[in-house]
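Subject: Structure handover

Hello,

Here is the structure for you to look through. Please open it first, then read the notes below.

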Amino acid sequence: MRVVVVGGGVIGLAVAWQAARRGADVVVVDERPGRGASWVAGGMLAPVAEAYEGEEALLRLGLASAARWPRFAADLAGAAGADLGYSRNGTMVVARDPDEAAELGRLHD
């Protein structure tokens, strides 16, 4: 099977790596791999902090993805032979006013 991945950022390269691990012939198309959103993103996984009312299905997906991330990071570190610097420190979310504090209370619930 041949797979073409358009975009050589973190997600595109992860998809390409996993497809290649499963035996696919992979081509990544990107003029500047790793320089798009991957260059500026902090890499934080905080699905609850980014959840909005009415997006419960997206929240469940985010939580499931975050739960799978440690295994993925360990597999990647093993394949790369390098420490990724991955840590599970939690997320701090700060409210700047009463409205944001109310929103944080809703997220907590």
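A residue counts as exposed when its relative accessible area is over 50%, as buried when under 20%, and as partly exposed in between. Keep that in mind for what follows. Note too that this is a predicted model.

Start with Arg-71. Its relative accessibility is 61%, so Arg-71 counts as exposed. Its side chain meets that of Asp-75 in a salt bridge, at 3.2 Å from N to O. Asp-75 is partly exposed, at 27%. Both residues lie in helix H3, which spans residues 56-80. They sit 4 residues apart, about one turn of the helix.

How many salt bridges does the structure hold? There are 4. Another of them links Arg-96 and Glu-100, with the closest N and O atoms 2.7 Å apart. Arg-96 is exposed, at 71% relative accessibility. Glu-100 is partly exposed, at 23%.

Now look at Asp-25 and Arg-2. Their side chains also form a salt bridge, 3.8 Å from N to O. Asp-25 belongs to strand S2 and Arg-2 to strand S1, so this pair ties together parts that are 23 residues apart in sequence. Arg-2 is exposed, with a relative accessible area of 58%. Asp-25 is partly exposed, at 45%.

The two strands are joined in another way. S1 and S2 (residues 25-29) run parallel, with 5 bridges between them.

Which residues of S1 are on its covered face, and which on its uncovered one? Val-3 and Val-5 are on the covered face. Arg-2, Val-4 and Val-6 are on the uncovered face.

Val-3 and Val-5 are part of the largest nonpolar core, along with Ala-16, Ala-19 and Ala-24. S1 and helix H1 (10-21) are the elements that give two or more residues to this core. In soluble globular proteins, nonpolar side chains tend to be buried together. Ala-16 touches Val-5, Val-26 and Val-28, leaving aside residues up to four places away in sequence.

Then turn to the uncovered face. Val-4, found in strand S1 (residues 2-6), is exposed, with a relative accessible area of 51%. Together with Val-6 and Val-29, Val-4 forms a nonpolar patch on the surface. The three share about 290 Å² of accessible area.

Best wishes

Methods. Residues numbered from 1 in each chain as written. Predicted model: local features only at pLDDT ≥ 70, side-chain atom pairs only at ≥ 80, totals over all residues. Heavy atoms only, no water. Patch = residues over 30% accessible without salt bridge, like charges linked within 9 Å, V, L, I, M, F, W, Y side chains within 5 Å. Areas by Shrake-Rupley, 256 points an atom, 1.4 Å probe, with all protein chains shown as cover. Buried < 20%, exposed > 50% of the residue type's maximum accessible area, 1.4 Å probe, protein only. Core = buried A, V, L, I, M, F, W, Y, C linked by side-chain atoms within 4.5 Å. Contact = heavy atoms within 4.5 Å. Pairing = 2+ DSSP bridges.
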